[in-house]
Amino acid sequence: MIEIIKTFFIGIFVGMANVIPGVSGGTLVVVFNIYDKFVNAITFNIKKLLKNWKFVVPILTGMLLGILLFSKLITILYRNCPDQTNFFFTGLLIGSIPLLVKYSFNKNSGETKSSTAKNTGIILCALTGLVLIIVFSVLQSRYGTAEKTISTLPQWTVPLAVKIFLGGILGAVAMIIPGISGSLIMLILGIYPIIMSSIPAMFVNDTALQALFLLLPNGVGVLIGLLAGAKLISILLKKVPNQTYAVILGLIVGSIYTMWPRVSNLTASKIVSYVLCLIFGIALSYLSTKFSGDEKSSS
């Protein structure tokens with residue numbers, strides 16, 4: 001019983017971490033020394049899931065509760081101080097870069113030194129991620145809809161539901177990687193504000209049904225992503241670990257530009273608040289990923 005309660009509270013912290021773009025729930029799984037257990041327990045094998053229910057149920061329940069508890073705070077921050085919040089998130093992105101660079105160029109077992117061809121391939125993978133996020137940003141700004149705002153829920157449409165569904169899959173897969181933020185991926189894809197505003201809206205009579213229909217495809221996507229992601233990430237990180245992290249690095253670098261707040265009417269107090277939020281985000285993300293960096297280098 002003590003182990004179940006402990007796992008439940010770990011799940012809460014992991015869920016809270018996954019609400020914050022740039023902070024990795026996977027990192028906390030490593031910090032609490034349950035990473036291997038987590039990856040092996042989340043599977044399509046029903047017998048294996050039932051066998052590990054004492055771990056799977058409390059960890060997933062705790063994660064859900066953590067997301068519910070923290071999503072309201074994020075909504076309030078976006079509504080009252082959007083620029084400061086965005087500078088904080090941008091700082092989270094910047095702080096994650098050192099770890100991703102380290103992972104991208106890390107020597108694999110059996111390698112004495114990195115070859116020029118390998119480094120070139122890694123750089124090309126990073127550029128691919130960078131180009132993808134820039135292209136997506138251009139399309140988003142050109143064809144974007146009301147889903148950009150966190151204060152108003154968008155109307156449900158099939159294309160939006162598909163986008164939310166795919167974002168849930170990719171976000172869940174990203175969450176499994178230590179040092180990579182699942183919510184960051186959803187932020188890059190443009191669905192993060194929708195999810196964060198839909199969660200508290202479920203508890204308001206006028207918007208409950210609309211919010212439910214927006215959250216359902218994301219929930220299904222997250223479930224599929226968790227089940228499929230453990231196997232997929234295991235294969236990619238075993239076969240092409242450097243290239244996999246390089247693509248993610250490119251996505252992160254590109255998203256820094258696309259997310260950087262375009263502010264006006266600057267005052268001394270605003271500048272100070274922006275700088276402090278940026279520095280705090282960088283520090284929080286960097287310190288968070290330090291744990292996963294140590295874990296990877298020691299394994």
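# Close-up views of an all-helix chain

Asn 265 sits in the loop that joins helix 12 to helix 13, the latter spanning residues 268-298. The model shown here is predicted.

**View 1. Asn 265 in the loop between helix 12 and helix 13.** The backbone is the point of interest. Phi of Asn 265 is near 50°. That is a positive value, and the residue is not glycine. Is Asn 265 buried or exposed? Asn 265 counts as exposed, because its relative accessibility is 65% and the exposed class begins over 50%.

**View 2. The whole protein chain, for orientation.** The protein chain has 13 helices and zero strands. The chain holds 299 residues, and buried residues make up 45% of them. The accessible surface of the protein chain is about 15300 Å². Carbon and sulfur atoms hold 71% of that surface.

**View 3. Helix 10, a covered helix.** Ten of the ten residues of helix 10 are buried. Among them are Tyr 192, Pro 193, Met 196, Ser 197 and Pro 200. Ile 194, Ile 195 and Ile 199 are also on the list of buried residues, as is Ala 201.

**View 4. Ser 198 within helix 10.** Helix 10 covers residues 192-201, and Ser 198 is part of that run. How much relative accessible area does Ser 198 have? The value is 0%, so Ser 198 is buried. The side chain of Ser 198 has a polar partner. One of its polar atoms lies 2.7 Å from the backbone oxygen of Ile 194. Ser 198 also has contacts beyond its neighbours within four places in sequence. These partners are Leu 153, Ala 211, Leu 214 and Leu 215.

View 5. The largest nonpolar core has 40 residues. Which of its residues touch the most other members? They are Ile 74, Phe 89, Ile 164, Tyr 192, Met 196 and Ile 252. Helix 5, helix 6 (82-104), helix 8 and helix 9 (182-188) each supply at least two residues. Helix 10, helix 11 and helix 12 (241-259) do likewise. A second core is separate and has 19 residues. Its residues include Ile 10, Val 29, Ala 41 and Val 56.

**View 6. Gly 167 in helix 8.** Gly 167 is buried, as its relative accessible area is 0%. Met 186, Leu 189, Ile 191 and Asn 218 touch Gly 167, leaving out residues up to four places away in sequence. Gly 167 and Ile 185 are 18 residues apart in sequence. Their C-alpha atoms are 7.4 Å apart in space.

**View 7. Asn 86 in helix 6.** Is Asn 86 buried or exposed? Its relative accessible area is 19%. Buried means under 20%, so Asn 86 counts as buried. Tyr 78, Met 259 and Pro 261 touch Asn 86, not counting residues up to four places away in sequence.

**View 8. Phe 280 in helix 13.** Phe 280 counts as exposed, because its relative accessibility is 51% and the exposed class begins over 50%. Phe 280 and Phe 89 are 191 residues apart along the chain. Their C-alpha atoms are separated by 9.5 Å.

**View 9. A nonpolar patch on the surface.** The patch has about 1100 Å² of accessible area in total. Its residues include Leu 64, Leu 68, Trp 156, Val 158, Met 202, Phe 203 and Phe 213. Helix 5 (53-80), helix 8 (158-176) and helix 11 (208-239) each give two or more residues to the patch. Which helix gives the largest share? Helix 11 does, with four residues. Leu 68 belongs to helix 5. Leu 68 counts as partly exposed, because its relative accessibility is 35%.

Note on methods
Residues numbered from 1 in each chain as written. Predicted model: local features only at pLDDT ≥ 70, side-chain atom pairs only at ≥ 80, totals over all residues. Heavy atoms only, no water. Buried < 20%, exposed > 50% of the residue type's maximum accessible area, 1.4 Å probe, protein only. Areas by Shrake-Rupley, 256 points an atom, 1.4 Å probe, with all protein chains shown as cover. Polar contact = N/O pair within 3.5 Å; in protein donor to acceptor, adjacent residues only side chain to side chain. Contact = heavy atoms within 4.5 Å. Patch = residues over 30% accessible without salt bridge, like charges linked within 9 Å, V, L, I, M, F, W, Y side chains within 5 Å. Salt bridge = Lys/Arg side-chain N within 4 Å of Asp/Glu carboxyl O. Core = buried A, V, L, I, M, F, W, Y, C linked by side-chain atoms within 4.5 Å.
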